[in-house]
Number of protein chains: 2
Amino acid sequence: MALAPFGYQQAPVSLYEVGPRDGLQNENKTVDTTHKLNYVLALIRSGLTRIEVTSFVNPKWIPQLADAEALCLQLAHALPSLAGLRLSGLVPNVKGYLRLKPTLLNEVGIVLSASSTHHQKNMNRKVEESLHEYRDLMAMAKADKRFVRAYISTAFFCPYEGAIAPSCVIDLALQLHALGADEISIGDTIGAATPYQVVHLCEQLDKQLGLADVALHFHDTKGMAIANILAGYHMGVRTFDASSGGLGGCPYAPSATGNVATEDVVYLFKGMGVYTGVDLQALCQASLSLAPLVSQSLSSHVLKSLPLI
Amino acid sequence: MALAPFGYQQAPVSLYEVGPRDGLQNENKTVDTTHKLNYVLALIRSGLTRIEVTSFVNPKWIPQLADAEALCLQLAHALPSLAGLRLSGLVPNVKGYLRLKPTLLNEVGIVLSASSTHHQKNMNRKVEESLHEYRDLMAMAKADKRFVRAYISTAFFCPYEGAIAPSCVIDLALQLHALGADEISIGDTIGAATPYQVVHLCEQLDKQLGLADVALHFHDTKGMAIANILAGYHMGVRTFDASSGGLGGCPYAPSATGNVATEDVVYLFKGMGVYTGVDLQALCQASLSLAPLVSQSLSSHVLKSLPLI
């Protein structure tokens, strides 16, 4: 049996887990800090090494994550060390970074939109204003030896502007990279991209930036996420974002699916013989433990069709 | 912009719609014949040219499709001609074919399992016994100038036997082809295959049978269907089965998804610039018209996230 069909080298991939942050930030029920802690610890036990733990936005906007500092403190007590772990917090501005600074988190995430309209509505400021503030923020994070991940959201389609030209994404990626971002996560925020677009954008990114520092962040809104991840892997991307259980909806279409489920991504790569380091059974347990605590139903196909095969 | 990334020739594809048969055969609510007729007509209006209309099994086993003859009669009255249309009925045996024979249907479908255990449980006879009866059945269909489609189900995994060796599938495909089957539809009945398996099986099929007469039939149980279709298209398959709205569940895991949704498949190919001949908006309308008449919720991602982009 050929071990590398499709031209795959079967290079291992790294999964970036966004469930605790992206999955819970729109949750109607309040998940208390201890349950969040147990969830994050269960994710770590499943073998995930990169986890976005929370966000340091103004609690007025996202009360669901108002316990950011408390959660980090509990994590610091619970974890014997951070060895091999990369735990991240999202920050919208310098003020947010100053809240993250004393915590155990060794990564920091910032967000920009490729669509200026989306950025304005999401961040309440212009792209250029955010870039200006992120310059200072990244300098501080670097001085603190923190890894910086920059999200470019609406990188394929914007709910307000429609299709986004790949050149806009490339320009922004180059600027962020020049400012010091260690990784750029390209987000299909409304989950409308198809493999054609992914291949095309990856080709351009590869030429102008290389793909070593590129991650792909897909939503499954139109059911394309797994195929898009396959296309991205085929092109050479090795880091993929996902949310355990498929936590996190699509704010633009309430009944639709949001983040691609980590279980489904692990299942894909497992079937392809690609190493993720994640124990699928343990990951399912982590997601299932959260299920009774949230109002959303978990959209992961793998979870809904348990037992595994 | 490169028009053929991924090595695609952007060859058009043909979709084989199974909603009226595979989607309704396990439905709890009885959909009356007139509603079925309107549904099939709406599917035809959306541009689908190949539709599996019903099944001629014993109504004792599948009462949902007991109106097979009545539906065909109404269709014959409603359609000015069959020009450009290929309408099919599934038959389990010669008796079923004799019921189909006087109808307008110009295609006939037969089913075998690659797993002998699954075949025995599903058909209540051995694979060899079915093959023997199908020999006579195919001869009759050929004499009547009907196109014969043969399904090989559980072609990747069987709920009883586990992983199925590609050689079992190839052997069966070659036998069916030799007996006169015009098309072989390879079914991932429990929706557990990943692109790795699809690529591998297609490579073998291509070598021993060619892919011109091969169709792929995926279920989205583990969320892999669209990625598997992408892999199959990449390998050269040009016919894909799908069910409008994602109708039809997975009998092995009641809350799980069954057939891949035609809307999602059309969305994939549309985004890739691959011609399907189907108007996605009209297809969504066809599925939505059926939604209030069935007990299952429609699993199509595209439908759940309407409007289109």
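Predicted model: local features only at pLDDT ≥ 70, side-chain atom pairs only at ≥ 80, totals over all residues.
Start with chain A. Eight strands close into a barrel, in the order β1-β2-β3-β4-β5-β8-β9-β10 of chain A. The pairing is parallel. Neighbouring strands of this sheet are turned by 25 degrees against each other on average, direction ignored. Strands of a sheet pair through backbone hydrogen bonds, either parallel or antiparallel.

Look next at the pair β1 and β10. Strand β1 of chain A covers residues 14-17, and strand β10 of chain A covers residues 239-242. Four bridges link them, in the parallel sense.

Now follow the chain into β4. β3(A) and β4(A) are parallel partners, with three bridges between them. L90(A) has G109(A) as its bridge partner in β4(A). Between the two strands the chain passes through helix α4 of chain A, residues 94-100. This β-α-β crossover is right-handed. On to the next pair: β4(A) is joined to strand β5 of chain A, residues 147-153, by seven bridges, and the two run parallel. There S113(A) stands opposite S153(A) in β5(A).

How enclosed is β4(A)? Strand β4 of chain A spans residues 107-113, and seven of its seven residues are buried, so it is largely enclosed by the rest of the structure. Both faces take part. E107(A), G109(A), V111(A) and S113(A) point one way from the strand. V108(A), I110(A) and L112(A) point the other way. All of these residues are buried.

Helices of chain A deserve a look too. I44(A) lies in helix α2 of chain A, residues 33-45. I44(A) counts as buried because it has 20 C-beta neighbours inside 10 Å, and 20 is the number at which a residue is called buried. Beyond its neighbours within four places in sequence, I44(A) contacts I51(A) and L85(A). I186(A) is 142 residues from I44(A) along the chain, and their C-alpha atoms are separated by 24 Å.

Helix α9(A) is mostly covered, with 11 of its 11 residues buried. Among them are A225(A), N228(A), Y233(A), H234(A) and M235(A). After the helix comes G236(A), with a positive phi near 120 degrees.

In all, 37 residues of chain A are in contact with 38 residues of chain B. On the chain A side, α8 (195-208), α9 (225-235), α10 (262-271) and α12 (301-304) each supply at least two residues. The largest share, six residues, comes from α8(A). By type, the chain A side divides into 21 nonpolar, 11 polar and five charged residues.

Turn to chain B. Here too is a closed barrel of eight strands, running β1-β2-β3-β4-β5-β8-β9-β10 of chain B with parallel pairing. The twist averages 25 degrees from one strand to the next. Strand β1 of chain B, residues 14-17, runs parallel to strand β2 of chain B, residues 50-55, and two bridges join them. E17(B) stands opposite I51(B) in β2(B). Helix α3 of chain B, residues 68-78, lies across β2 and β3 (86-90) of chain B. The helix runs at about 140 degrees to β2(B).

Which residues touch the most other members of the largest nonpolar core? They are I152(A) and I152(B), in a core of 190 residues. In soluble globular proteins, nonpolar side chains tend to be buried together. Leaving aside neighbours within four places in sequence, the contacts of I152(B) include L112(B), V169(B), L172(B), I184(B) and I186(B). A114(B), A173(B) and G187(B) are also in contact with I152(B).

End at a loop. G258(B) sits between β10 (239-242) and α10 (262-271) of chain B. Why does G258(B) count as buried? Because 26 C-beta neighbours lie inside 10 Å of G258(B). Setting aside neighbours within four places in sequence, G258(B) contacts H219(B), T221(B), G248(B), G249(B) and C250(B). G191(B) is 67 residues away from G258(B) in sequence, yet 7.3 Å away in space, C-alpha to C-alpha.

Definitions and conventions:
Residues numbered from 1 in each chain as written. Chains lettered and ligands numbered in written order. Pairing = 2+ DSSP bridges. Axes fitted to C-alpha atoms, helices over the stretch in contact; angles between N-to-C directions. Core = buried A, V, L, I, M, F, W, Y, C linked by C-beta atoms within 7 Å. Buried ≥ 20, exposed ≤ 12 C-beta atoms within 10 Å, placed from the backbone. Contact = placed C-beta atoms within 7 Å. Nonpolar A, V, L, I, M, F, W, Y, C, P; charged D, E, K, R; others polar. Right-handed = clockwise from strand over helix to strand, strands pointing away.
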